[in-house]
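I set out to record what I looked up in this structure. The entries follow in the order in which I made them.

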Amino acid sequence: MTLDENTELRELIRRIALLNAISYEGKAEVQPVLGKVLAERPHQKENVKQTASVVAEVVEEVNKLSLEQQRKIVQARWPEALVEEKVEEERGLPPLPNVDKYEEVVTRFAPNPDCVLHLGSARAIILCYKYADMYDGLFYLRFEDTDPRLKRSALQFYDLIREDLRWLDCEWDGEFIQSDRLPIYYEHAERILTDGNAYVCTCRPDEFRDKVLAKEPCACRDLTPDENLVRWERMLDGTYKEGEGVVRVKTDLNHPNPAVRDWPALRIIDPQQHPHPRVGNKYRVWPLYNFACGIDDHFMGVSHIIRGKEHLTNQRRQEYLYKHFGWKYPEAIHYGRLKIKGAALSKSKIVEGIRIGTFRDWDDPRLATFAALRRRGITPEAIRRLIVDIGPKTADVVLSWKNLYAHNRKIIDPIANRHFFVHDPIRLNAERIPQAFSVRIPLHPDQPERGFRHFKIEPKEGKASLWVSSDDLKIFEKGAKIRLMELFNFKVQSVGEALIEAVFHSRSYEEARRFGAPLIHWIPVDTGIPCEVVMPDASVMKGVAEDACKKLRLDEAIQFERFGFVRVDSLDEKLTVYFAHR
Ligand SMILES: [Zn+2]
């Protein structure tokens with residue numbers, strides 16, 4: 001390398017080290033700096049050692065400077081680099097429209113408590129929460145439980161939903177339950193009837209449908225407000241039975257979408273047949289979605305409605321309501337559908353599956369409920385990162401499990417201890433072992449300070465037995481040389497159904513590399529703890545986990561080497577874990 005090249009390389013390293021230091025409170029680290037240097041100068045890979053030592057030198061120099069000094073140097077010499085870094089940091093959600101028109105950004109997540117939440121709700125929750133947070137605004141939780149007949153809520157779900165939100169770290173600033181708010185809806189029903197902007201329709205549904213498809217008013221539409229109020233009273237006092245009267249909001253009968261024309265706002269549900277889980281048979285007239293939601297958004301001061309584009313028609317309906325009341329419709333952001341491959345996502349399928357016993361519970365690993373993801377060791381942070389990546393774009397998105405797992409792996413890889421789990425164990429008898437072995441393997445390869453797992457092999461007359469996994473049977477051929485990770489290398493003598501016979505070959509890893517020997521994991525026979533791994537398809541993989549697993553903590557994320565990341569679910573005489581991903 002010429003002197004010039006040398007100086008040039010040193011300058012490059014200095015720039016990268018300074019930027020790394022600025023991003024990490026003044027302390028650069030050798031590995032990430034070296035990584036970036038090699039990315040920019042791939043040919044340096046030929047002399048990595050030399051480059052690494054220069055990087056180490058420069059990093060040391062840089063770390064002696066204060067953060068302030070580091071910043072000044074970068075600003076003076078590479079100001080464009082600072083801008084770049086900033087953009088990278090702020091890449092997240094695009095800004096909300098028309099924020100300055102509102103005193104405060106207010107968003108809401110409004111689930112129906114008729115099921116637990118699943119990944120399909122993540123977008124609504126996280127976008128609403130993040131935007132409120134971004135603008136120092138308010139994020140509300142609103143339970144929409146006004147359909148005790150078809151979308152009947154159940155008491156357990158109010159709490160399960162709260163639990164899910166807390167788990168996602170989306171704490172809400174206020175909570176509303178629609179079944180507590182019937183007086184507000186009644187008051188506004190009377191007001192809109194009095195104003196002549198709604199009517200009580202007593203037509204048979206098919207009669208009304210024919211009229212509305214023909215863009216014609218039904219006979220009820222021209223009743224006077226007083227006549228309507230009399231009918232309203234009949235809805236409330238039980239004169240009209242279920243299905244005999246419905247409050248309709250007047251719209252444009254020529255609206256291109258027939259579903260928008262004079263939409264239903266309140267209807268009767270027989271309180272004896274369909275009592276409400278929270279308020280029992282107290283009410284017989286219940287608001288429909290658009291009426292309750294529209295009124296609530298207004299009174300809660302919601303500035304930005306963030307929801308799926310399947311709600312666009314609802315916006316068209318609610319805009320009539322807002323016009324009648326003289327209110328201003330909030331900003332509405334409609335994002336595309338989120339499709340998730342290979343998961344039972346629809347509420348009805350989940351509820352039905354649980355009812356008939358296809359799924360064990362709300363956290364059955366086959367489901368994409370938050371409860372199931374939690375149990376498998378998927379972190380809320382991974383879900384948040386995934387959703388922020390997707391953002392509020394209007395195109396439909398197919399959510400990939402691979403991306404979710406990649407985010408989760410990044411989060412748990414640095415914190416998960418490593419252990420051996422031998423699936424479907426088969427005995428390996430090794431002979432001619434020249435000595436006893438006492439090996440220690442780090443709990444985490446990059447963090448020796450975490451400590452070690454210890455294994456002892458004490459051969460009797462040169463013989464010892466180990467469990468290895470039947471999954472590795474394909475590499476056991478007579479004569480094959482294989483390395484037991486961190487232990488020794490052996491040569492296969494014979495492969496039987498329940499036994500592999502082998503002889504000690506050599507000790508060192510270098511030797512194994514020379515032969516290109518595959519590395520496998522192992523557990524000494526007579527040690528370890530029985531272990532079951534519950535897989536995402538609800539199947540169970542049985543085997544033995546190493547001794548150190550007897551001291552795992554519940555909920556801990558660990559990595560079974562050569563197997564995958566799992567979450568500790570229960571631990572007594574047997575260890576049960578749930579599989580997260582590879
Ligand atoms: Zn009618």
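**Notebook entries**

I located Asn408 in helix H16 (residues 401-412); helices are DSSP runs of H or I with at least four residues, strands are runs of E with at least two, and both are numbered from the N terminus. The model is predicted, so I note that local features need pLDDT of at least 70 and side-chain atom pairs count only at pLDDT 80 or more, while totals for chains, interfaces and linings use all residues. Residues are numbered from 1 along each chain as its sequence is written, and side-chain values use heavy atoms, with hydrogens and water left out.

I found Asn408 buried at 0% relative accessibility (buried means under 20% relative accessible area, exposed over 50%, partly exposed in between, with a 1.4 Å probe and protein chains only). Leaving aside neighbours within four places in sequence, I listed the contacts of Asn408 as Gly377, Ile378, Thr379, Ala382 and His581 (contact means heavy atoms within 4.5 Å).

I next searched for salt bridges (a side-chain nitrogen of Lys or Arg within 4 Å of a carboxyl oxygen of Asp or Glu) and recorded 41 in the whole structure. One of them joins Arg375 and Asp569, with the closest N and O atoms 2.8 Å apart. Arg375 lies in helix H14 (residues 370-376) and Asp569 in strand S26 (residues 564-571), so this pair ties together parts 194 residues apart in sequence. I noted Arg375 as partly exposed, at 23% relative accessible area, and Asp569 as buried, at 16%.

I also recorded a salt bridge between Asp262 and Arg221, at 2.7 Å from N to O.
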